[in-house]
Amino acid sequence: MKFRLPILFGVSILFALGAYASTRAIDPQKSTDSPSANKDEPATKTKSVPLSKSKKMIDPFNKLTKDEADVILRKGTEARERGYTHSKVTGTYICKRCNAPLYNSTDKFESHCGWPSFDAEIKGSVKRQLETDGSGRIEIVCENCGGHLGHVFADEGYTAKNTRHCVNSISMKLIAIGKELPEVIKPDSEKDSAAASEKKEPSEPPIKKSSK
Ligand SMILES: [Zn+2]
C-alpha cells in the first residue's frame with residue numbers, strides 16, 4: 001500500500017504530460033493548415049461567380065419595355081386595334097429590337113382583323129416557323145434577331161398575294177419616308193443570340209402564366 005500511491009501518482013503525471021504533449025503537437029499543425037485552406041476556397045469562388053454572370057447579361061439589341069418584351073421575347077399578343085393597325089403613313093416598318101427593316105407601308109392593307117396586316121415582307125427579313133403551341137399556326141419572327149412579330153396566314157383571299165402577315169404593332173417601329181433608317185444591330189453570333197433568347201424565356205415564367 002505504501003508503494004502503490006507514489007507509483008499511481010507518478011503514472012498519472014506521466015499520462016497527463018503525455019496528453020499535454022500530444023495536444024501541443026497537433027494544435028500547431030491544425031492552426032497552420034486551416035488558415036491556408038480558408039484563404040484558397042473563397043478566392044476561387046469569388047473569381048468564378050462574376051464571370052459567369054457577366055456573360056449572360058450581354059445583350060447588344062435595343063432595350064425593351066416590359067410590354068415590348070412580353071410580345072417580342074415572350075411571344076405574347078398585343079391587344080387589338082393598337083399602334084399602327086389603321087396607319088396610312090408611308091414608310092418602312094423596322095424591328096423594335098434590332099432595327100432591321102421588315103415591311104414596306106406599300107404592302108400594308110386593311111384586313112379589319114385588329115392588327116396591322118401586310119401581304120409581303122421585305123425580302124429575307126422575316127422567318128417563318130411552326131408555332132410551338134400545337135395550333136398549327138405559322139409564327140413569324142425577325143430574321144436578324146429572332147424577335148416575335150406575329151403569325152402569317154394564307155389563302156384568305158384578302159389580296160392578290162393571298163397572304164396576311166398579322167403583326168403586333170409593338171414589335172415594330174415606323175420610320176416615315178424621307179427619314180434615315182437607323183443602323184441594324186447585328187447579333188454577336190447567331191448561336192449566342194439563340195442561346196440567350198432560350199435562356200431568358202424560362203427565367204420569367206410568371207408573365208407566361210398570367211397571359212393564359
Ligand atoms: Zn429584329
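View 1. To find your way along the pairing, look for isoleucine 94, which stands opposite proline 101 in β2.

**View 2. β1 also pairs with β9.** Here the pairing is again antiparallel, and β1 and β9 are joined over five bridges. A handy place to begin is glycine 91, whose bridge partner in β9 is alanine 176.

**View 3. Six strands form an open sheet.** Moving across the sheet, you meet the strands in the order β3-β4-β8-β7-β6-β5, with antiparallel pairing. β3 (108–109) and β5 (126–130) stand at the edges; each has a single partner strand, so one side of each is left without a neighbour in the sheet.

**View 4. A closer look at β6 and β7.** Strand β6 covers residues 138–142 and strand β7 covers residues 148–154; they pair in the antiparallel sense over four bridges. Within this pair, glutamate 139 stands opposite histidine 151 in β7.

**View 5. The largest nonpolar core has 20 residues.** Those with the most contacts inside this core are Cys95, Ala100, Leu102, Cys142, Leu149 and Met172. Two or more residues come from each of β1 (91–95), β2 (101–104), β6 and β9 (172–176).

**View 6. Aspartate 107 sits in the loop between β2 and β3.** Is this residue buried, exposed or partly exposed? Aspartate 107 is partly exposed, with 17 other C-beta atoms within 10 Å. Beyond its neighbours within four places in sequence, aspartate 107 is in contact with Phe118, Asp119 and Ala120. Threonine 159 is 52 residues away along the chain, and its C-alpha atom is separated from that of aspartate 107 by 10.0 Å.

**View 7. Two loop residues, lysine 75 and aspartate 155, have positive phi values.** Lysine 75 lies in the loop between α2 (66–72) and β1, and its phi is near 55 degrees. Aspartate 155 lies in the loop between β7 and β8 (163–167), with phi near 60 degrees. Neither residue is a glycine. Their surroundings make an interesting pair to look at. Lysine 75 counts as buried, with 20 C-beta neighbours inside 10 Å, whereas aspartate 155 counts as exposed, with 8 C-beta neighbours inside 10 Å.

**View 8. Two stretches have pLDDT under 50: residues 5–54 and residues 198–212.** For residues 5–54, the model has zero contacts beyond four places in sequence. For residues 198–212, the model has seven such contacts. Across the protein chain, the mean pLDDT is 76, and 62% of the residues reach 70 or more. Where pLDDT is low, the predicted coordinates should not be read in detail.

Key. Residues are numbered from 1 along each chain as its sequence is written. This is a predicted model: local features need pLDDT of at least 70, side-chain atom pairs count only at pLDDT 80 or more; totals for chains, interfaces and linings use all residues. Two strands pair if DSSP finds at least two bridges between them. A nonpolar core is a set of buried Ala, Val, Leu, Ile, Met, Phe, Trp, Tyr and Cys residues joined through C-beta atoms within 7 Å. A residue is buried if 20 or more other C-beta atoms lie within 10 Å of its own, exposed if 12 or fewer, and partly exposed in between; C-beta atoms are placed from the backbone. pLDDT is the predictor's confidence in each residue, from 0 to 100.
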